[in-house]
Amino acid sequence: MRCLVDIAGDQPVALKGLGALWLAAVRGGKRAPSPGHARTAALLLAFLLVAFAPARAGEVPPAVYARLEELKTRGAVPLWLGVDRPLVRAELARLLTRNGGPEAAGLLEGLRDALGGSLWVSWPYGPLGIGAGSGGLSGGGPGLWYTLGWRSWPDRSELGYAALSFPVGTVDVLVGRAPVQWGPGAYAGLAFSQYAGGLDLLRVSFQPWEGVRYSKFFGRVDDRVSAVGQRVDFLVGPNLRLGVGDAVLMVGSPYWLYLVNPLPPLNALDVGFAIFNKEVHRTRNDNGAITLDFDWVPFPGLRFYGEVLVDDVQFVWPTLISPELAPARWGAIFGFHWLEALPGWGVRFEYTVVPNWTYAAVAGSTHWMARGLPLGHPVGNDFDLWHLRLARSDPEGLELWVSYLRKGEGRTDRFWSSPAEARGALFLTGVVEHSVLVGAELGGRSGAWTYRLGPWLGYRTNAGHVPGATRLDWGVSLAAHARY
């Protein structure tokens, strides 16, 4: 690594290389260069730019996000932290240096562990009734950090994290494989959740102006589908954040216009207009989504948050523009987090709803999925979920939670063949499975490890969408990390 620093050139040359990569995409015709060329260029770029990174970077351990949730509710950190994951260490390091005063220092002290090398393991999806685990390590040195880890589901495992990240001036760069999640939801986002595993991507994020944060990525979802996503978060005030994002899935390499356009939600709006232009839609066949989300802290200790997903901009337009298209392509999350709602206890409530027909693609080639798993919310579509969690004020104290999930027969990988059929089955279609899930978690320390651990149980009726069938599920929620 020292050899790279010694022989590298000056920063303008590196930035020219970054510009050349984007220009190659623009000049390559309708589509950008091949995915293999893009990945190779991105990796070479990562190693060329490492010499110019003035501070540490890297993805923070998953357990750190829970601490950030509490700090946001207290009003102690910027509200955009954690709504665009993975969060890199460089952004966290800047936060720790900018917040002064003994009170702020005490609140943020627990985050300093995330700036060192970490081992971590996580199995957090009990409240959704879904099992998905991950584990790995993060580390590095000045200017370059790495994350390497695995993702596991009941039927398979894969390399989920293999990423480098580094700052270039005030721009944070992440290249490699990493899961992506957007939005303020406690367990998943609507456009992207970490459940689907890692995407092969190149992402840049920075603050162009005070109170504004921008990020954009492009990469591969699987062997045939690529993605472009971008979002902007605005701090309207110290206690209010507004965010807007758009994302597009497409067959082949990314469309050059999606790469160079810097403004969400224009990319997804372009997909919406293409649907009404049959000739364009037949040749492009892209799948786009828009997200709008917010965090609001009316006073320290209480935070309201929410997210709305608009899929292909159709939930209003069909009646006005194209009545033959089916409606109900959207999703929403609304919740609140209230510290000390009860003496010694905090309360979190969250409601999620995604009707049928959301995520699926008209032609069936770009469903909102990654390697057979939902790329958006882990439950997919055609469901609603009520979740309530009680947590002791002590970070290592007891947490109790309960979820109620209703799931219809709609699927992310299936598109209704008839708009009339879709209109008659907008939500909770067919035989509806009902699930009640309860669990408990207890935090603690053991040597260098900090952890939260606890069992959960799920009782389902109409299990597997079979009338009268019942099933009892169980699992263990786990989140642990250690600094080394």
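**Note on backbone exceptions, a cavity and a surface patch**

1. Leucine 428 counts as buried because its relative accessibility is 18%, where buried means under 20% relative accessible area, exposed over 50% and partly exposed in between, with a 1.4 Å probe and protein chains only. The structure is a predicted model, in which local features need pLDDT of at least 70 and side-chain atom pairs count only at pLDDT 80 or more, while totals for chains, interfaces and linings use all residues. Residues are numbered from 1 along each chain as its sequence is written, and side-chain values use heavy atoms, without hydrogens or water.

2. Leucine 428 also has a positive phi, near 55°, although this residue is not glycine. Its place is the loop between helix 11 (419-423) and strand 20 (helices are DSSP runs of H or I with at least four residues, strands runs of E with at least two, numbered from the N terminus).

3. Tyrosine 359 is another non-glycine residue with a positive phi, here about 80°. The loop that holds tyrosine 359 runs between strand 15 and strand 16 (369-370). With a relative accessible area of 3%, tyrosine 359 is buried.

4. Two cis peptide bonds deserve attention. One joins arginine 85 and proline 86, with omega about 10°; proline 86 sits in the loop between strand 1 (84-85) and helix 5 (89-98). Another joins proline 264 and proline 265, also with omega about 10°, and proline 265 belongs to the loop between helix 7 (256-260) and helix 8 (266-276). Most residues other than glycine have a negative phi, and most peptide bonds are trans.

5. The model contains two cavities of 30 Å³ or more (sets of points on a 1 Å grid over the protein atoms alone where a 1.4 Å probe fits but cannot get out; lining residues have an atom within 4 Å of a point). The largest cavity holds about 60 Å³ of space. Strand 15 (345-354) and strand 18 each give two or more residues to its lining, which includes Glu350, Thr352, Leu385 and His387.

6. A nonpolar surface patch of about 1,100 Å² has Trp386, Tyr404, Val438, Tyr459 and Val476 among its members (residues with over 30% relative accessible area and no salt bridge, nonpolar side chains being joined within 5 Å and like charges within 9 Å; a salt bridge is a Lys or Arg side-chain nitrogen within 4 Å of an Asp or Glu carboxyl oxygen; areas follow Shrake-Rupley with a 1.4 Å probe). Strands 18 (383-392), 19 (398-407), 20 (433-446), 21 (449-461) and 22 (470-483) each supply at least two patch residues. Valine 476, in strand 22, is partly exposed because its relative accessibility is 37%.

Methods:
On a 1 Å grid over the protein atoms alone, a cavity is a set of points where a 1.4 Å probe fits but cannot get out, and a pocket is an open set with protein on both sides within 12 Å along at least five of seven lines; lining residues have an atom within 4 Å of a point. Grid points are joined across faces, edges and corners, and a volume is the space filled by probe spheres set on the points.
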